[in-house]
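Hi everyone, thanks for making time.

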Amino acid sequence: MRVRGYASGTPCWTEVASPDPVAARAFYGGLFGWRFNDDGHFTLNGRAAAGLRQGSKAAWLISISTDDPAGTADAVVRAGGAVRLAPTSVRDLGTAGVFTDTGGASFGTWLRSRFVGAQVSFEPGAICWYELASHDLAGTNAFYKEVFGWHTVEAESNPGDPYFEFHHNNDTVGGLAPIDHRFPDDVPDHWTACFMVTDCVTACERVAELGGTVARAPQPVSAGYYARVADPTGAHFALIELAEEYTF
């Protein structure tokens with residue numbers, strides 16, 4: 001699905017930091033069919049799908065659209081979070097900031113200029129969901145309500161696996177899961193970028209063929225099938241095979 005813009009307070013972009021960008025391009029190209037353009041973006045059928053930058057620590061970072069980067073940064077601090085990178089211009093593309101919430105989960109913000117964010121979603125190889133895992137649901141809820149005006153709604157889930165959705169102006173903008181038996185011991189709070197695939201099992205096999213790892217094998221969830229994987233340098237992300245009623 002083509003995307004032309006994002007409302008303020010809506011997740012809009014994700015990028016991977018890699019100590020080996022050449023290897024990252026090969027891995028994600030082999031997995032999702034992504035190409036790479038002059039703006040430093042992975043593309044899917046000619047549309048920006050995700051970003052790539054050099055980084056000493058391999059990790060995915062999600063970004064949330066804002067109309068007021070400085071105001072958002074101030075709200076992060078008031079709510080008990082921290083500024084890791086003050087809002088900074090990125091060439092003529094837009095303005096980016098990086099923050100941590102009260103649980104230590106990193107996220108970014110983005111004010112569009114020439115570049116709006118992901119130009120494609122909800123099709124195979126594209127972002128389809130943004131998900132936060134937290135040790136402190138009450139603290140997390142309070143933080144994102146203060147900063148972005150979000151509130152949480154309990155979602156349909158498997159028995160014993162509670163799950164919540166972040167809502168913003170009556171739109172669902174992301175997921176929230178408590179860190180429980182579904183996660184390894186001592187895992188910190190974190191955001192996860194989730195990408196749509198047509199077959200979760202086949203996609204996980206392809207991850208392994210390309211040198212990545214499968215951290216959580218495909219399992220049924222209310223929206224379809226879900227798996228957690230990592231690229232060869234250790235950047236974790238998720239794969240979702242959506243049930244028919246969730247596809248466009």
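So, C200 first: it counts as buried, at 1% relative accessibility. Buried here means under 20% relative accessible area, exposed means over 50%, and partly exposed is in between, using a 1.4 Å probe and protein chains only. Before I go on, a word on where this comes from: it's a predicted model, where local features need pLDDT of at least 70 and side-chain atom pairs count only at pLDDT 80 or more, while totals for chains, interfaces and linings use all residues. Residues are numbered from 1 along each chain as its sequence is written, and side-chain values use heavy atoms, with hydrogens and water left out.

Okay, cysteines. A disulfide is a covalent bond between the sulfur atoms of two cysteines. In this model we call it a disulfide if a pair of cysteine sulfur atoms lies within 2.5 Å. How many disulfides does a search of the whole structure find? The count is 0. C200 is in no disulfide, and its nearest cysteine sulfur, in C204, is 4.8 Å away. Then there's C194, whose sulfur sits 6.3 Å from the closest cysteine sulfur, that of C128, and that's too far for a bond. C194 is buried too, with a relative accessible area of 0%.

Now the helix that C200 belongs to. Helices are DSSP runs of H or I with at least four residues, strands are runs of E with at least two, and both are numbered from the N terminus. Helix α4 covers residues 200-209, and its buried residues are C200, A203, C204 and V207. They cover an arc of only 100° around the axis, so they're on the same side of α4. That arc is taken from the directions between the helix axis and the C-beta atoms. If you're wondering about the spacing: an α-helix has 3.6 residues a turn, so residues three or four places apart point the same way.

What do the buried residues of α4 pack against? They pack against α1, β14 (213-221), β15 (224-230) and β16 (236-242). Contact, by the way, means heavy atoms within 4.5 Å. At the start of α4, a side-chain oxygen of D199 reaches to within 3.0 Å of the backbone nitrogen of V201. And after α4 comes G211, with a positive phi near 100°.

Over to α1, residues 21-32. The buried residues of α1 are A24, F27, Y28, L31 and F32. Their arc is only 100° around the axis, which puts them on the same side of α1. V22 and A26, on the other side, are exposed. Just after α1, G33 has a positive phi of about 75°.

Next, the sheet. Strands of a sheet pair through backbone hydrogen bonds, either parallel or antiparallel. We say two strands pair if DSSP finds at least two bridges between them. Here 8 strands form an open sheet with mixed pairing, in the order β2-β3-β4-β1-β5-β8-β7-β6. β2 (35-36) and β6 (82-90) are at the edges with a single partner strand each, so one side of each has no neighbour in the sheet.

Inside the sheet, β5 and β8 (residues 106-112) are parallel, with 3 bridges, and S63 has G108 in β8 as its bridge partner. β7 (residues 94-100) runs antiparallel to β8, joined by 7 bridges, with T100 opposite S106. Their hairpin has 5 residues between the strands, and G104 takes a positive phi near 95° there.

Last stop, two threonines. T66 is in the loop between β5 (59-65) and α2 (69-78), and at 4% relative accessibility it's buried. Its side chain makes a polar contact with the side chain of T72, at 2.7 Å. A polar contact is a pair of N or O atoms within 3.5 Å; within protein, one must be able to donate a hydrogen and the other to accept it, and residues adjacent in sequence count only if both atoms are side-chain atoms. The T66 side chain also reaches the backbone nitrogen of D68 at 3.0 Å.

T233, in the loop between β15 and β16, is partly exposed at 32% relative accessibility. Its C-alpha is 8.7 Å from that of A23, though they're 210 residues apart along the chain. That's my tour, thanks!
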